[in-house]
Amino acid sequence: MKFDLSTAIEFLLHGTFEAPDSKWVHMSRSMECYELFYVTSGILYISDGQKQYVVNTGEFVITPPCKNQYGWKPSACKFYYFHFDVKKTCFKDAIDSFFPVYGKYRNINTIEKYYTLLSFEHCSLEILNHFMAIILLELKNGEDSEKVRETAQLCKSVLTYIQLAPAEQLKVSLVAEKFQYNEKYISSCITKETGTPLKKHLKAELIKRAKHMLEYTDYSVSQISEMLGYSDAHSFSHVFKNTEQISPKAYRIMKTKLQAGL
């Protein structure tokens with residue numbers, strides 16, 4: 001379902017519900033309007049006749065007008081519900097985007113605040129419609145924020161892994177496999193978050209390790225290239241020189257002289 005937020009929202013009613021026990025199942029009924037469920041405790045199992053949803057605590061779902069809205073599994077849960085409709089006229093400040101049907105929203109205080117505002121007896125219908133629209137926009141923005149947080153956490157985990165993983169694991173394909181994402185997606189996330197492609201992060205880590213071994217160990221260039229997973233010393237030297245503007249051998253000599261105070 002695609003729900004166009006550029007159309008006006010018409011608030012109808014709202015309320016809270018708490019299941020009496022774990023055997024409770026949402027009733028089966030025909031719906032002539034949209035319904036937003038926001039679960040505050042437990043799990044809600046609800047269907048709009050097209051798809052069955054599992055809505056956990058801190059998550060929401062919007063069901064459209066349908067012939068058969070029903071619960072498809074018993075559960076003990078508690079939730080807010082909001083009934084609203086969509087007018088054909090546009091908002092004064094039209095929003096050209098589609099609203100998500102299902103998602104996460106962790107800021108329950110915002111839901112509670114606007115739920116209370118919708119309960120005021122002396123508010124005009126126009127104001128109530130406005131409050132309902134704000135709730136929907138908050139959910140939309142919250143979902144975007146959740147995605148941003150998830151991407152940031154993924155990137156943090158990947159970059160930490162790169163620092164600790166064995167050299168033979170520092171390949172885009174293997175990192176993607178480790179985090180169970182495809183290569184294109186995980187590379188895109190890293191580039192968006194850091195401004196640097198994943199492949200460059202991996203190369204930078206290998207070069208950092210190479211510099212450390214050249215400076216503090218007696219391993220030969222060939223041994224270092226093998227330990228870092230390069231096919232041969234020539235390939236390693238080529239990558240190192242392109243990155244550091246100096247050959248591995250010259251880098252070692254330079255660092256040895258610096259340590260000797262020459």
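Okay, the largest nonpolar core: it has 27 residues, and Val158, Leu198 and Leu228 are the ones that touch the most other members. Keep in mind that this is a predicted model. Which elements give two or more residues to this core? They are H2, H3, H4, helix H5, which covers 198–216, and H7. H5 brings the largest share, seven residues.

If you skip its neighbours within four places in sequence, Val158 is in contact with Val175, Phe179, Ile186, Ile190 and Leu198. There's also a second, separate core, this one of 24 residues, and it includes Tyr38, Ile62, Tyr114 and Met132.

Now, Phe179 turned up in that contact list for Val158, and you'll meet Phe179 again in H3, where it's one of the residues that meet H4. So how do you describe two helices that pack together? You give the angle between their axes and the distance between the axes. For H3 and helix H4, residues 183–194, the angle is about 95° and the axes are 9 Å apart. An angle from 65 to 115 degrees counts as roughly perpendicular, and H3 and H4 are therefore roughly perpendicular to each other.

Who's actually meeting whom there? On the H3 side you've got Val172, Ser173, Val175, Ala176 and Phe179, and on the H4 side Glu183, Ile186 and Ser187. Sort the residues of that contact by class and you get five nonpolar, two polar and one charged.

Gln180 has a phi near 60°, which is a positive value in a residue other than glycine. Is Gln180 buried or exposed? Its relative accessibility is 72%, so Gln180 counts as exposed.

Back into helix H2, which is where you'll find Thr151. Thr151 has a relative accessible area of 19%, and buried means under 20%, so Thr151 is buried. Leaving out neighbours within four places in sequence, Thr151 is in contact with Cys189 and Glu193.

Okay, rings. How many aromatic pairs does a search of the whole structure find? It finds 18. Take Tyr161 and Phe179: the ring centres are 5.7 Å apart and the planes sit at 85°, so this pair is edge-to-face. Tyr161 is in helix H2, residues 125–164, while Phe179 is in helix H3, residues 172–179, so to speak a link between distant parts of the chain, 18 residues apart. Tyr161 counts as buried because its relative accessibility is 17%.

Phe240 and Tyr251 make another edge-to-face pair, 5.6 Å centre to centre, with 70° between the planes. That one also links distant parts of the chain: Phe240 belongs to helix H7, residues 233–244, and Tyr251 to helix H8, residues 248–260, 11 residues apart. Both Phe240 and Tyr251 are buried. And there's a cluster as well, where ring pairs link Phe17, Trp24, Phe37, Phe79 and Tyr81.

Last stop, the loop between H7 and H8, where Gln245 has its place. Gln245 has a positive phi near 60°, in a residue other than glycine. With a relative accessibility of 62%, Gln245 counts as exposed. And how far apart are Gln245 and Ile62? They're 183 residues apart in sequence and 57 Å apart in space, C-alpha to C-alpha. Ile62, remember, is one of the residues in that second core.

Note on methods. Residues numbered from 1 in each chain as written. Predicted model: local features only at pLDDT ≥ 70, side-chain atom pairs only at ≥ 80, totals over all residues. Heavy atoms only, no water. Phe/Tyr/Trp six-rings, centres within 6.5 Å; stacked < 30°, edge-to-face > 60°. Helix = DSSP H or I, 4+ residues; strand = E, 2+ residues; numbered from the N terminus. Buried < 20%, exposed > 50% of the residue type's maximum accessible area, 1.4 Å probe, protein only. Axes fitted to C-alpha atoms, helices over the stretch in contact; angles between N-to-C directions. Parallel < 35°, antiparallel > 145°, perpendicular 65-115°, else oblique. Contact = heavy atoms within 4.5 Å. Nonpolar A, V, L, I, M, F, W, Y, C, P; charged D, E, K, R; others polar. Core = buried A, V, L, I, M, F, W, Y, C linked by side-chain atoms within 4.5 Å.
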